[in-house]
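Here are some exercises to work through with the structure open beside you. Try each task before you read its solution.

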Amino acid sequence: MLLIDCPYCGPRDEAEFACGGEAHIARPLAENPISDAEFGSYLFLRHNPKGLFTERWVHSAGCRRWFNMVRDTLSHEIVEIYPMGSLPKSRRGKQAYADNWRRGTPAEAASKPQAKRGR
Amino acid sequence: MASSELDRGIKGLAGRAKRYSVFALARNASRYHQGWQQAWRHAEPKKSYDVIIIGGGGHGLATAYYLASVHGITNVAVIEKGWLGGGNTGRNTTIIRSNYLWDESAAIYEHAMQLWEGLSQDLNFNIMFSQRGVLTIAHSEHELKEMSRRVHAIRLNGIDSDILGPDEIKKFVPIINIDQTIRYPVMGGFLQKRGGTARHDAVAWGYARAADDLGVDIIQNCEVTGLRRRGRQIVGVETSKGFIGAKKVGCVTAGHSSVLADMAGLRLPIASRPLQALVSEPIKPILDTVIMSNAVHMYISQSDKGEMVLGAGVDKYNSYAQRGSWPVPEHMLAAAVELFPVLSRLRMLRHWGGIVDTCPDASPILSKTDIEGLYFNCGWGTGGFKATPGSGHVFADLIAHDAPNRIAAPYALKRFETGFLIDEHGAAGVAH
């Protein structure tokens, strides 16, 4: 049973939360056309590691706000909780973010507005 | 239609193993049971094989068996990181049925059902297949209408499905509570009479013994740590016992499919979740069918030992821990006690979890990959056990011909690019 430290409400039982799956899946913008296979990777394909994983959670029975989490999917250790819209700050969290196959994919590159791509 | 689509292979054992029979039992009993043969060899890996199957569960062992018995491909190894059948095959609630909505699903689950119906004879192993019926309950007007639609679709595919009202359900299941004032009242249900259960461990052991009998090497306690390629061609697997060469590799590792896929740079749409189950203390027979309930997220049957076997939906976050957390069984048991008040004093004896590979459309993946000679069979989620013979049979066909047959074709990985998903979220009657 997880004890989750909601950034807004404090430590609460797992039963008060819902899990939103893999975090940091950025939607490709319409202005940046990509192939069906690349779009399918955004829509359906998932990182599913046995180990550290970046996920989204929502405190559905409490403040109902979303936040991100780095959690080990084998030991269930919660390594870091960080705000929605930001990236992990811990060393292990940064590693978990970087180890995700989605980094550097065409679909992820296509999620940035034209002017920013390639930087 | 390829002839191997209907070919169930060699009936009974063909190799060195001594057949099981009532005569063998009597002979061995008179010798104090010291004459029984080991059911399979504990093989050490050869340097290479024609086909390596990664994953020694029901699906993997069935694949190896059908490669040998249908296609004559016997230079095969099954590589299992733990003990055979110790993964999801040993952790499910043993339910078997083929009453799914879509035509593509009807094809594969009914193919499995027809293989189940002769499997003990095919394998010369009593898998305790019991067609005691599977009844799915509707708890609202909406569920009644949805159920009616499903039943018609199922029957149009030639598969048995009958609608029952509350009184008929009460006659069929005496311990059920059909009071219409409870939170989730029983408003009706649909029954597949040919559905039922089988002894999960026996399925693994039966396939293992029959495959070994035909020359398949079963290598346990051997973990695959890498998939070796030369260009776009698979050449073998790195394991804890060294490199083993192979012309073809089939991955059948359920909850660990993404771990294997990552080794080949392959991406899957799978999320690995815990699926929990529990058994009660053994009691006298009180339930002679299988009950599933959508709304209350529960399924229940009674084993031949007398234990009530209960299961529910998946836990809501990814895990490889082979355990889930308490709210899931708690909600399931609350609903179970309301539907079957006689359970309220029962003590639960054992509780465990598996790692299920859930897919976005709750349908499996049976597919070639971008790497020549590498095939994946995964994504069965919470509904893999019932498909065991069909999955193995069809995957063996895919590997043998390097092309999917009519049954496997819709389940290619490519559907997540084309959008031709086969949405069976409603099928299990519980949340995926």
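**Before you start.** This is a predicted model, where local features need pLDDT of at least 70, side-chain atom pairs count only at pLDDT 80 or more, and totals for chains, interfaces and linings use all residues. Residues are numbered from 1 along each chain as its sequence is written, chains are lettered from A and ligands numbered from 1 in the order in which they are written, and side-chain values use heavy atoms, with hydrogens and water left out.

**Exercise 1.** Find how many residue pairs are in polar contact across the interface of chain B and chain A, then describe chain B's side.

*Step 1.* The rule gives 12 residue pairs in polar contact, both residues at pLDDT 80 or more. A polar contact is a pair of N or O atoms within 3.5 Å; within protein, one must be able to donate a hydrogen and the other to accept it, and residues adjacent in sequence count only if both atoms are side-chain atoms.

*Step 2.* Now look at which elements of chain B give two or more residues to the side that touches chain A: they are α8 (257-263), β12 (271-282) and α11 (415-418). Helices (H or I, at least four residues) and strands (E, at least two) are DSSP runs, numbered from the N terminus.

*Step 3.* Sort the residues of that side by type: 13 are nonpolar, six polar and four charged. Here Ala, Val, Leu, Ile, Met, Phe, Trp, Tyr, Cys and Pro count as nonpolar, Asp, Glu, Lys and Arg as charged, and the others, Gly among them, as polar.

**Exercise 2.** Work out which strands of chain B pair with β12(B).

*Step 1.* Strand β16 (residues 348-358) of chain B pairs with β12(B) in the antiparallel sense, over 10 bridges. Two strands pair if DSSP finds at least two bridges between them.

*Step 2.* For a bridge to look up, take B:A271, whose partner in β16(B) is B:T358.

*Step 3.* Strand β15 (residues 307-314) of chain B also runs antiparallel to β12(B), joined by five bridges. There, B:V309 of β15(B) stands opposite B:V279.

*Step 4.* Check the covering: 11 of the 12 residues of β12(B) are buried (under 20% relative accessible area; exposed is over 50%, partly exposed in between, with a 1.4 Å probe and protein chains only).

**Exercise 3.** Is A:V79 buried, partly exposed or exposed?

*Step 1.* Locate A:V79 in strand β6 (residues 78-83) of chain A.

*Step 2.* A:V79 is partly exposed, because its relative accessible area is 22%.
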